[in-house]
Amino acid sequence: MAAGSFRRSIASQLSKVLDLPPENLIKSISAVPVSKKRHVADFQLSIASVIENSSGDCLAQDLHLQAQQLAGRTVLHTLWKDGSEYGVKSELFSTVPRQKAVIEFSSPNIAKKFHIGHLRSTIVGNFIANLKVALGHEVVRINYLGDWGMQFGLLGVGFQSFGNKEKLKSSPLQHLFEVYVQINKAAEDENTKKLAKDFFRKLEEHDEQALSIWKQFRDLSIEEYIRIYKRLGVHFDEYSGESFYQEKAQEVLKMLEDKGLLQKTIKGTGVVDLSEKKDLSAVSTVMRSDGTSLYITRDLAAAIDRMNKHSWDTMIYVTDKSQSNHFQHLFQILKLMGYDWAERCQHVSFGLVQGMKTRRGEVIFLEDVLNEVRSRMLQNMTATKTTKEIQDPVETAEKVGLAALIVQDFRGLLASDYQFSWDRALQSRGDTGVFLQYTHARLHSLEQMHGNAELADVNVACLQEPDAISVLQHLLRYDEVLYRSSQDLQPKHIVSYLLTLSHLAAVAHKTLPVKGSAPDVAQARLCLFHAARSVLANGMKLLGITPVTQM
């Protein structure tokens, strides 16, 4: 394509945004001379000649400022046109193929209360799923429950000794946890160990009575998990679990044997040799000496089953980094079995949260944390004067509190461990989720007070002040930030972008009043604040935060 037709193509796109005839623009577009310095543009637009050709009524003389304004006019136009899809419709994503992704996350152990360690997996997996859906990919969210294994032998025996059916119905996780603690104390006793083994063997042999007790534990636990997930704003397409794969795991062992990959040790266990020299210097144990499967065997069966069922393009496992070796082994064995798609499996790992305590002491359970953050937030809100008007202060405190937890968690690299601090998380100023919510609520009430500006009636050229231009320029970068997060699946890029946007919007809110300004200036500013709030809300939703409108 000759430079002329490039110019014509650029001019026709610019003409829509600038509301000027393309003929006026073609002469102002020139190719950027090649130089030794790395340049980022192929063509440049002479702002001066565009201004001469148009009657800009409140345009400043500073050319640099005019260039920035031009970018600002473009960004507001695009934002208005794309709405909630602003950023994801960017040409940065035009070559990215739409894919089907299976994401396994959260995955708590049945019959144990939702441990705080599962919070990170839940919110990180939810973020990755939200981002992929926003970018047009198809996503299957799977919760792979720890619902099988020897602990159910112990629990079954424990329930027969210490269980209470009424308590099981009213608060299943709490009651099963108490039973588990009691039976664990007795677990050293040889007779208890034998009873637990017998109960689990009955489960494996599909004994009806044992299975019906197990099924009750599982169903009641899932019901309670769903209630907690609802508080977190998280949902799943599929509740799977290890129990689904005990039989398929036997098929996997047969396949490994047929392929000559299963080797028996002196102790009678089954291993797969992962060493390069095939000298058993690195092995993965896939079978107990009694022939039963292990966690990794069930994971192999689950991966193969999901490919058959979903024909996915990528499968992502979200767990803490202590499981990195497990997933390396899993992917290696799948490859040895001849499954090339193992290369499209990915483990997104995260570090540990330290120091998360409630007022009553060390925290183990997620629900205690959610209750604590809600009550602390409610206390903080009650201490401020504006809270009286809020329709549902408890619900608002819950959403703001959750934003505080998520932002504190997502500020750094996921692989890093971090020290949790209530005071830091709940500050209303500074780089916190509370500040994001506060900014969103303020911008929302500004719109409520002055009504919505329609872009068609707005003279964007009135946004000349540096504080307005800073917001516009920052809005221009949103697609780049989404692209970065989509590449490395790290939420920190979006968090840091939204915090900066909130700080810039807070400054502009102070220096660029809507009330008392000339009507065209007021409308332009309202349009700017609407754009900032819209991007802030979209970004927060990706992170798993529900924006509040009052605070």
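These legends walk you through several close-up views of a predicted model.

**Figure 1. The whole protein, before we zoom in.** Start with the overall picture: the protein has 551 residues, and 51% of them count as buried. Its secondary structure comes to 21 helices and 14 strands. Now think about which parts of the sequence meet. Among contacts between residues at least 6 apart in sequence, 72% join residues at least 24 apart.

**Figure 2. Tyr 144 and Tyr 245, a tilted aromatic pair.** Here you can find two tyrosine rings with their centres 6.3 Å from each other. The angle between their planes is 40°, and the pair is described as tilted. Where in the fold do the two partners sit? Tyr 144 belongs to strand β4 (residues 138–145), while Tyr 245 is in the loop between β5 (238–241) and α11 (246–258), so the pair ties together parts that are 101 residues apart in sequence. Are Tyr 144 and Tyr 245 buried or exposed? Both of them are buried.

**Figure 3. Arg 306 over the ring of Tyr 144.** Stay with Tyr 144 for a moment and look at the face of its ring. Arg 306 lies over that face, at 5.3 Å from the ring centre.

**Figure 4. An aromatic cluster of five named residues.** Which residues form this cluster? They are Phe 105, Tyr 225, Tyr 229, Phe 236 and Tyr 239. For the protein, the count of aromatic pairs comes to 19.

**Figure 5. The largest cavity and its lining.** The model holds three cavities of 30 Å³ or more, and the largest has a volume of about 40 Å³. Try to pick out the residues that line this largest cavity: Trp 148, Gly 149, Met 150, Phe 200, Glu 204, Arg 288, Thr 292, Ser 293 and Arg 298. How is the lining divided by class? It has three nonpolar, three polar and three charged residues.

Figure 6. Our last stop is Ser 284, found in strand β8 (residues 283–287). Why is Ser 284 called buried? Its relative accessible area is 4%, and buried means under 20%. Leaving aside neighbours within four places in sequence, Ser 284 is in contact with Gly 270, Val 271, Val 272 and Leu 274, and also with Ile 296, His 329 and Ile 333.

Note on methods:
Residues numbered from 1 in each chain as written. Predicted model: local features only at pLDDT ≥ 70, side-chain atom pairs only at ≥ 80, totals over all residues. Heavy atoms only, no water. Phe/Tyr/Trp six-rings, centres within 6.5 Å; stacked < 30°, edge-to-face > 60°. Helix = DSSP H or I, 4+ residues; strand = E, 2+ residues; numbered from the N terminus. Buried < 20%, exposed > 50% of the residue type's maximum accessible area, 1.4 Å probe, protein only. Lys NZ or Arg CZ within 6 Å of the ring centre and 35° of its normal. 1 Å grid on protein atoms, 1.4 Å probe; cavity = no way out; pocket = protein on both sides within 12 Å on 5 of 7 lines; lining within 4 Å. Points joined across faces, edges and corners; volume = space filled by probe spheres on them. Nonpolar A, V, L, I, M, F, W, Y, C, P; charged D, E, K, R; others polar. Contact = heavy atoms within 4.5 Å.
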